[in-house]
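The sequence and the structure are shown first.

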Amino acid sequence: MPSPLEASAQRDRRPGLKLGFSLFWRTFFLLALLLIGCTVAWLQTFRSLEYEPRAIQTAHQIASLVNLTRAALVYSDAITRVSLIKTLADQEGVRILPREPNDRFQPYTSGALDLRVTEELIDQLGEGTTVASRVNDEAGLWIGFTIESDTYWLLLDPTRFSRVGGRTWLVWLSTAMALSLAGAALITRLINLPLKQLSRATMQVREGEYEAHRLDERARTNEIRAVNIGFNRMADQLAKIEQDRAIMLAGISHDLRTPLARLRLETEMSVADEDARDHMAADIAQLDAIIDKFLDYARPDHVDPKPVLLRDVVDACTYAVQDYEEMNIKVEVPPDLRVMGDEVELTRVISNLVENARRYGKTPATGVADVTIQAQANNDAVLIKVRDHGAGVEPALLAQLTKPFFRGDAARTSAAGAGLGLSIVAKNIERMGGTFALTSTPGRGLAAHIRMPRAMPAGMVRPGEPQGSGKKPA
């Protein structure tokens, strides 16, 4: 019968892509996506709205300069014209050059804005106007126009009318995105900080540390303050309930065991019928055992895991029942196998499983409970199996067997006790950091599977850890 815990451990180690985000990163990602989308949309909108007015404004400025230059040249004599050309070149950075038939030029069409400026200039200056970005391998903003029958080039400094380049937009976009991401991280941290504190406090309350972490009841946000107050009141109430339960169980133990002891004594002294006396003593012993089960199940102690030699625990649990005629136990546990746990709790676990098999795991044909206890190392864990060969239970009942006070009377006869044995086993194993599961095949028995952390001998390294992670001996 394969162990379901071993199969689940192999599935966990199977390589694969596992995606998971904390609440912080999910909120940060959504906020960053929103802010970046808004920034890009704003940038595109700004560029679209700025494109047409900028092209028209640039064309008007250039057309005005060309018209003023042309008018100044037309209405000046030869000597004044030379002086005017020199003044324009020195003070305004505008050069007037004659246009030769063999001049080589490149159209001013490097971008959509340039094309729009060119169209607007031709529309304002008339047909025959030429706009070029390079003439005779000299870069600039060249405007070709005519004065009467003569043709000229007007060379302008292109930086006076240059558009915002792609690098500038990239710098602005990068800056806006960086600021957006920083703001998203800050906002996300402020939003998720109360939730993180609540999560940490919830984990501590789950572990029974009711006073270890109290939430701030003076938070500025009304909703968070109300949640924190409610959580603190709930933790206080749980602590009080836990304390009342411990006091109640202690009282039950004291109040019930004292009359039980008197009943046992009176039975031994007053009942003459030996058979009746034995039955009454057995009933009193069963009541005493049920009280012990209640106390074991409600035990609030925290476990400090330490290396435990598993074979010693199993031998101690089987020693008391090894001579029973109604029970045969086979132990297959390596003598040097160690687990991380508590020896007392682990003894209680194995004893409950052995007692459960003795009561309900008898083979129908022989009336003897054949129990097998096996253990083997599996990487950084130890797999333990306690199996009987009895009637078993229906698979539908397996999940309910570890519930408190549930007894599978329909599937397993002679159910005596409080129905807490397997519940105590599951609770103690979970408290020690292990995993518990049950499997059953009707007619072939029930198997209890335990997966406990493995305690490595001195000098050994856990699988998956670097070889140099251990401390070197002095």
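The sections below describe selected local features, beginning with the basis of the model.

## Basis of the model

The structure is a predicted model, in which local features need pLDDT of at least 70 and side-chain atom pairs count only at pLDDT 80 or more, while totals for chains, interfaces and linings use all residues. Residues are numbered from 1 along each chain as its sequence is written, and side-chain values use heavy atoms, with hydrogens and water left out.

Helices (H or I, at least four residues) and strands (E, at least two) are DSSP runs, numbered from the N terminus. A residue is called buried under 20% relative accessible area, exposed over 50% and partly exposed in between, with a 1.4 Å probe and protein chains only.

## A network of salt bridges

A salt bridge is a side-chain nitrogen of Lys or Arg within 4 Å of a carboxyl oxygen of Asp or Glu. Side chains of opposite charge can pair when their charged atoms come close. The whole structure contains 11 salt bridges. A network of them links E326, E355, R358, R359 and K362.

R358 is counted as buried because its relative accessibility is 17%, whereas E326, at 28%, is partly exposed.

R358 also forms a salt bridge with E355, where the closest N and O atoms are 2.6 Å apart. Both residues belong to helix α9 and are three residues apart, about one turn of the helix. E355 in turn forms a salt bridge with R359, with 3.0 Å between the closest N and O atoms. R359 and E355 are four residues apart in helix α9, so about one helical turn separates them. An α-helix has 3.6 residues a turn, so residues three or four places apart point the same way. E355 is partly exposed at 23% relative accessibility, and R359 is partly exposed at 31%.

## Surface patches

Patches are made of residues with over 30% relative accessible area and no salt bridge; like charges are joined within 9 Å, and nonpolar side chains (Val, Leu, Ile, Met, Phe, Trp, Tyr) within 5 Å. For charge, Lys and Arg count as positive and Asp and Glu as negative, with His and the chain ends not counted. The place of a charge is taken as NZ of Lys, CZ of Arg, CG of Asp or CD of Glu. Accessible areas come from the Shrake-Rupley method with a 1.4 Å probe, and for residues only the protein chains shown count as cover.

A surface patch of negative charge is formed by D273, E274, D275 and D278. D278 belongs to helix α7 (residues 274-297) and is partly exposed, with a relative accessible area of 44%. A nonpolar surface patch consists of F29, L30 and L33, which together have about 340 Å² of accessible area. F29 is located in helix α2 (residues 23-74) and is exposed, at 54% relative accessible area.

## Buried positions in helices

Helix α8 (residues 310-319) includes T318, which is buried at 7% relative accessibility. The side chain of T318 reaches the backbone oxygen of D315 at 3.3 Å. C317 also lies in helix α8 and is buried at 8% relative accessibility. Although C317 and S351 are 34 residues apart in sequence, their C-alpha atoms are 5.4 Å apart in space.

In helix α11 (residues 421-431), the buried residues are L422, S423, I424, V425, N428 and I429.

## Positive phi angles

Most residues other than glycine have a negative phi, and most peptide bonds are trans. N136 has a positive phi near 50 degrees, and D137, also not a glycine, has a positive phi of about 65 degrees. N136 is in the loop between β3 (130-135) and β4 (138-147), and D137 lies in the loop between β3 and β4. N136 is partly exposed at 35% relative accessibility, while D137 is exposed at 57%.

A positive phi, near 85 degrees, is also found in G433, which follows α11.

Note on methods
A polar contact is a pair of N or O atoms within 3.5 Å; within protein, one must be able to donate a hydrogen and the other to accept it, and residues adjacent in sequence count only if both atoms are side-chain atoms.
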